[in-house]
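Subject: Structure for you to look at

Dear colleague,

Here is the structure I promised to pass on, with my notes below it. Please read them with the coordinates open beside you.

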Amino acid sequence: MKPGSFSLRILAVLALGAFAPACRKETPTFEPLKLADGTVIPAATLSRGYDVYTHYCASCHGEKGDGQGPAGSGMRPPPRNFHQGLYKFGGVAAGELPTDDALKRTLRRGLHGTPMFAWDVPPADVDAVVQYLKTFSPRWKQESPGAAITLSEDPWKGREAEALERGRTVYHVAGKGNAGCASCHVAYLPRAELAALTESVTGRKVNLANADPYTALQRDSDYSLTVDAKGEATQLAKVLPPDFLFHRLRTVWPQGTRVEGQPYTAQAQREDLYRVMAAGVGGAAMPSWKGAIPEENLWALAYYVQSLVVMHDTSAARDLQQRLRDSKVQE
């Protein structure tokens with residue numbers, strides 16, 4: 001268990017206990033819920049989901065599902081406001097309603113580096129609470145979930161060095177089938193090398209003399225920070241694109257840890273990176289890259305970002321960061 005994760009879990013458990021008396025109310029009466037895709041959720045499932053939600057989720061996400069639970073005050077990222085019907089990791093193109101499988105995956109795994117833990121509850125309870133979440137937002141009655149993003153075959157198996165070289169370009173250069181991730185996230189090349197790479201790919205000279213490609217800026221998001229009495233957003237949260245050498249990624253874990261009871265391998269890590277890059281991050285500035293760039297470039301990007309992720313909090317990461325800082329002065 002990572003340092004700090006135990007204390008966070010204890011705090012969450014204490015919060016659940018502290019606010020439990022306020023949650024001991026008679027279960028409301030539910031009617032079957034008909035969704036836009038024709039699915040009808042039985043009242044008994046919603047009732048069970050209400051009980052599970054009240055026990056595990058309400059202390060952070062709020063009894064009304066508005067993200068304003070008493071234990072969630074001051075949390076960053078803030079607990080999700082389910083009234084908005086927005087989900088970061090929905091397993092679909094960013095902005096679309098998530099699949100049930102993606103929601104269950106988040107509940108089983110939690111979100112790395114946040115107080116959203118992996119809750120060890122029976123599968124029937126996981127299913128029930130996923131269905132209950134749909135009572136909070138009218139989107140579920142108006143729209144069907146998006147098409148699930150699926151993994152394509154990795155074209156770079158056995159050619160990892162080539163994948164890293166291609167991914168380095170896909171990450172740092174925009175256009176020509178590349179993603180240009182460095183325009184929001186930080187760059188990992190010295191300025192002279194970054195300028196030379198951009199020119200070699202695009203034929204365009206860039207002047208980075210007064211630029212700072214090593215500092216990410218906060219971006220607007222669609223996620224509520226505060227809400228009114230109806231659960232409508234009155235203030236939106238800012239998001240900071242992660243620095244892969246420094247920040248923990250929400251749906252990606254360190255290799256060698258156990259996720260869902262299984263050892264987390266390099267392949268599993270790479271596939272999780274592919275998933276979030278392919279789908280994008282709903283409600284944030286991270287777009288869906290599936291179909292926007294060639295699949296071989298998307299997989300190469302996963303390889304390259306993985307090479308940064310495995311350096312997280314190591315001397316190699318600190319050395320690279322220092323070299324980048326020094327390049328500002330030397331060039």
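According to an unreviewed UniProt entry, the annotation "domain: Cytochrome c" covers residues 44-137 and 162-309; please keep in mind throughout that what you have is a predicted model.

A search of the whole structure turns up three cavities of 30 Å³ or more, and the largest cavity has a volume of about 600 Å³. This largest cavity is lined by 29 residues, of which His 61, Arg 80, Thr 106, Leu 111 and Met 116 are the closest to its centre. Helix 1 (5-23), helix 3, helix 4 and helix 5 are the elements that give two or more residues to that lining.

The largest pocket has a volume of about 970 Å³. Its lining counts 41 residues, and those closest to the centre of the pocket are His 185, Val 239, Leu 240, Pro 241 and Pro 242. At least two lining residues of the largest pocket come from each of strand 5 (219-227), strand 6 (233-239), helix 9 (266-279) and helix 10.

The C-alpha atom of Asp 101 lies 8.1 Å from that of Gly 91, a residue ten places away along the chain. After helix 4 comes Gly 110, which has a positive phi, near 75°.

Thr 99 is found in the loop between helix 3 and helix 4, and its relative accessibility of 15% makes it buried. Leaving aside residues up to four places away in sequence, Thr 99 touches Gly 90, Val 92, Gly 146 and Ala 148. Ala 148 is placed in the loop between helix 6 and helix 7, and with a relative accessible area of 48% Ala 148 is partly exposed. With the same exclusion of sequence neighbours up to four places away, Ala 148 is in contact with Gly 91, Val 92 and Thr 99. Ala 148 and Ala 278 are 130 residues apart in sequence, while their C-alpha atoms are 11 Å apart in space.

Aromatic residues

The structure holds 17 aromatic pairs, and I would look at two of these in particular. The ring centres of Phe 82 and Phe 136 are 6.1 Å apart and the ring planes meet at 15°, so this pair is stacked. Phe 82 sits in the loop between helix 3 (58-61) and helix 4 (100-109), whereas Phe 136 sits in the loop between helix 5 (123-133) and helix 6 (139-142), so that the pair links distant parts of the chain, 54 residues apart. Both Phe 82 and Phe 136 are buried.

In the second pair, the rings of Tyr 171 and Tyr 304 have centres 5.6 Å apart and planes at 50°, so the pair is tilted. Because Tyr 171 lies in helix 7 (residues 160-172) and Tyr 304 in helix 10 (residues 295-309), the pair ties together parts that are 133 residues apart in sequence. Tyr 171 is buried, with a relative accessible area of 1%, and Tyr 304 counts as buried at 8% relative accessibility.

Phe 82 and Phe 136 also belong to an aromatic cluster, which they form with Phe 30, Tyr 50, Tyr 53, Tyr 87, Tyr 132 and Trp 140. Lys 134 lies over the face of one member of this cluster, Trp 140, at 5.0 Å from the ring centre. Elsewhere, the charged end of Lys 88 sits over the ring of Tyr 223, at 5.7 Å from the centre of that ring.

With best wishes

Notes. Residues are numbered from 1 along each chain as its sequence is written. This is a predicted model: local features need pLDDT of at least 70, side-chain atom pairs count only at pLDDT 80 or more; totals for chains, interfaces and linings use all residues. Side-chain values use heavy atoms; hydrogens and water are left out. Rings of Phe, Tyr and Trp (its six-membered ring) pair if their centres lie within 6.5 Å; planes under 30 degrees apart count as stacked, over 60 as edge-to-face and the rest as tilted. Helices (H or I, at least four residues) and strands (E, at least two) are DSSP runs, numbered from the N terminus. Buried means under 20% relative accessible area, exposed over 50%, partly exposed in between (1.4 Å probe, protein chains only). A charge sits over a ring if NZ of Lys or CZ of Arg is within 6 Å of the ring centre and within 35 degrees of the ring normal. Contact means heavy atoms within 4.5 Å. UniProt positions are given in the numbering used here, feature names are shortened, and annotations may be inferred rather than shown by experiment. On a 1 Å grid over the protein atoms alone, a cavity is a set of points where a 1.4 Å probe fits but cannot get out, and a pocket is an open set with protein on both sides within 12 Å along at least five of seven lines; lining residues have an atom within 4 Å of a point. Grid points are joined across faces, edges and corners, and a volume is the space filled by probe spheres set on the points.
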